[in-house]
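Please read them with the sequence and the coordinates open.

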Amino acid sequence: MTLIAQLQQCLGADQVLTSPEAQASYLKDWRGRYQGRAQAVVLPTTTQAVADVVRFCMSAGVPIVPQGGNTGLCGGATPDASGKAVVVAMTQLNRIRSIDATNFSITAEAGITLDQLKAAAESVDRLYPLTLGAGHLTTLGGTLATNAGGLQVLRYGMTRDLCLGLEVVLPDGTVWSKLSGLRKDNTGYDLKQLFIGAEGTLGLITAATMKLYPLPAARALIWLNLPDVSSAVDRHALAQTVFAGAQTASELISATTLSLVRQHLPEALLPTAVGAWPEAWALMIEVSAHDADFLQALLCAWQRACATAGVNAGYIATAPDAQAQLWAIRKGLAESQKREGLAIKHDVGLPISRIPQFIDEASAALQKRFPGIRIVAFGHIGDGNLHFNLSYADPVKNAGLIAQSAEANAVVYEVVGRLDGSIAAEHGIGQLKPTWLAQHAPAGSMALMRQLKATLDPQGLMNPGKVLV
Ligand SMILES: Cc1cc2nc3c(=O)[nH]c(=O)nc-3n(C[C@H](O)[C@H](O)[C@H](O)COP(=O)(O)OP(=O)(O)OC[C@H]3O[C@@H](n4cnc5c(N)ncnc54)[C@H](O)[C@@H]3O)c2cc1C
């Protein structure tokens with residue numbers, strides 16, 4: 001029996017997509033940067049079906065590309081151009097298995113979207129805190145496989161920090177399951193950590209138990225227009241000392257980045273009370289509390305601290321509508337850049353104190369090599385995570401720049417390396433950065449990663465060409 005016939009018999013013919021039209025949306029990444037081919041896209045609905053698909057593919061020597069919501073920004077979910085791979089789209093394996101509100105945990109299948117997971121948590125008065133701009137598409141499995149970060153890492157941590165247990169189909173088709181809701185469990189190696197952030201190269205995540213938190217009762221969002229990045233770093237540090245654990249986000253956005261939002265998403269309006277759009281930088285600080293009076297006390301403390309420091313406390317949005325308006329601007333950054341056209345994207349991690357130096361030195365080096373280059377910089381300043389995207393407004397010049405991506409990357413990563421940073425903070429490696437990973441990983445890391453990969457996936461068929469090359 002052919003592999004396709006085996007898959008059809010196991011899953012049902014309508015869960016095995018073979019025509020180019022049916023496959024199209026699974027073969028191109030969200031940015032439109034990568035395009036691949038596949039002999040089939042399959043849509044399993046149970047863990048057992050995923051295990052069967054993996055066994056069939058492994059015995060046929062066929063590569064497997066796991067895919068969630070296909071919103072990854074490094075091409076990790078896109079197959080190569082050979083047409084040999086089977087894409088395993090996880091979106092129909094999407095049930096909530098259980099919620100334990102008293103244990104503050106939820107167990108759900110990998111294909112559930114982030115928004116669905118958050119809604120399920122809210123239905124029992126709990127918060128699932130991971131928040132990204134593409135929550136209606138992004139899946140639980142995809143966020144685990146990339147160890148996604150997003151807007152609330154400052155308070156709640158990365159996806160890894162939120163995970164209590166996992167169920168994984170290993171490359172040999174067996175199911176490894178440890179869906180405990182335990183916060184303390186030192187029984188040997190913490191195996192789930194191997195699969196979190198592995199971008200589907202070590203196995204297929206089919207379900208997970210995740211932490212929940214109390215749902216905040218009151219939130220405020222502070223918007224500051226600032227003249228330079230050093231002021232933003234200082235204001236973030238001041239906010240940390242005033243708000244401590246109540247500060248749930250700290251977002252930096254350059255005026256150039258905001259100009260693309262204004263151009264492509266004219267519906268994203270700044271509340272009139274803010275006054276003007278920033279000339280240089282904006283900083284957004286979110287504060288969350290479980291009691292409205294406590295929130296007010298925190299905001300008064302903020303105003304006092306700013307007065308003492310002789311700095312502006314910014315526009316403080318307490319009304320939900322005004323906060324939603326500001327978040328719509330922040331969440332529109334990726335979409336507005338997509339509409340503007342391709343860019344060379346960087347997702348770097350830095351000590352927070354070195355962000356101003358990084359921006360100064362990387363910008364100067366880039367302007368020297370690529371005069372007039374447009375730098376679209378924004379990021380999660382509280383996590384030391386900067387998105388530093390490069391383009392030219394002129395499409396012809398931009399195409400030339402994209403062709404020189406390697407040179408531009410080398411300029412940026414040289415500064416990152418010198419400042420003890422990371423070339424991949426939250427988006428992962430995918431097919432965008434394996435060669436850069438090999439150059440920047442600490443001594444011995446690549447050999448250890450390859451050893452682990454060879455042990456778990458000796459045929460090298462789980463998402464080949466991603467992370468390790
Ligand atoms: C508008 C927008 C905003 C974004 N903002 C952020 C942000 O703030 N922070 C951030 O970290 N990311 C952000 N991202 C990137 C993206 O949303 C994350 O990388 C997300 O985790 C990908 O989830 P996904 O379900 O779409 O996975 P996919 O894109 O489908 O896959 C991503 C990787 O995970 C693997 N994978 C997927 N599912 C599984 C599974 N079940 N088992 C094993 N491997 C699997 C794939 O093979 C691939 O390597 C943003 C993306 C967009 C489009």
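Predicted model: local features only at pLDDT ≥ 70, side-chain atom pairs only at ≥ 80, totals over all residues.

1. The domain assignment divides the protein chain into domain 1 (3-91), domain 2 (96-214), domain 3 (218-335) and domain 4 (341-427).

2. Domains 3 and 4. The C-alpha centres of domain 3 and domain 4 are 24 Å apart. Contact between the two involves 17 residues of domain 3 and 14 residues of domain 4.

3. Largest nonpolar core. There are 53 residues in the largest nonpolar core, and those that touch the most other members are Phe-243, Ile-285, Trp-302, Phe-358, Leu-366, Phe-388 and Leu-390. Domain 3 (218-335) and domain 4 (341-427) each supply at least three residues to this core. A second, separate core has 28 residues, among them Ile-106, Ala-120, Ala-198 and Ala-208.

4. Phe-358. Which residues does Phe-358 touch, not counting residues up to four places away in sequence? With that exclusion, Phe-358 touches Val-348, Leu-350, Ser-363, Leu-386, Phe-388, Val-412, Val-415, Val-416 and Leu-419. Phe-388 is also listed with Phe-358 among the residues of the largest core that touch the most other members.

5. Four-stranded sheet. The strand order in this open sheet is S1-S2-S4-S3, and the pairing is mixed. Strand S1 (16-17) and strand S3 (64-67) are the edge strands, each pairing on one side only. S3 runs parallel to strand S4 (residues 86-89), and four bridges join the two. Gln-67 has Ala-89 in S4 as its bridge partner.

6. Hairpin. Strand S8 (residues 163-169) and strand S9 (residues 175-178) run antiparallel and are joined by four bridges. Glu-167 is opposite Ser-177 in S9. Five residues lie between S8 and S9 in this hairpin, and Gly-173 in the turn has a positive phi of about 90°.

7. Second largest pocket. The volume of this pocket is about 740 Å³. It is lined by 33 residues, of which Gly-197, Ile-429, Leu-437, Met-449 and Val-467 are the closest to its centre. Two or more lining residues come from each of helix H8 (192-195), helix H16 (405-418), helix H17 (434-440) and helix H18 (445-456). Which element gives the largest share of the lining? H18 does, with three residues.

Definitions and conventions:
Residues numbered from 1 in each chain as written. Heavy atoms only, no water. Core = buried A, V, L, I, M, F, W, Y, C linked by side-chain atoms within 4.5 Å. Buried < 20%, exposed > 50% of the residue type's maximum accessible area, 1.4 Å probe, protein only. Domains from an automatic or database assignment. Contact = heavy atoms within 4.5 Å. Pairing = 2+ DSSP bridges. 1 Å grid on protein atoms, 1.4 Å probe; cavity = no way out; pocket = protein on both sides within 12 Å on 5 of 7 lines; lining within 4 Å. Points joined across faces, edges and corners; volume = space filled by probe spheres on them.
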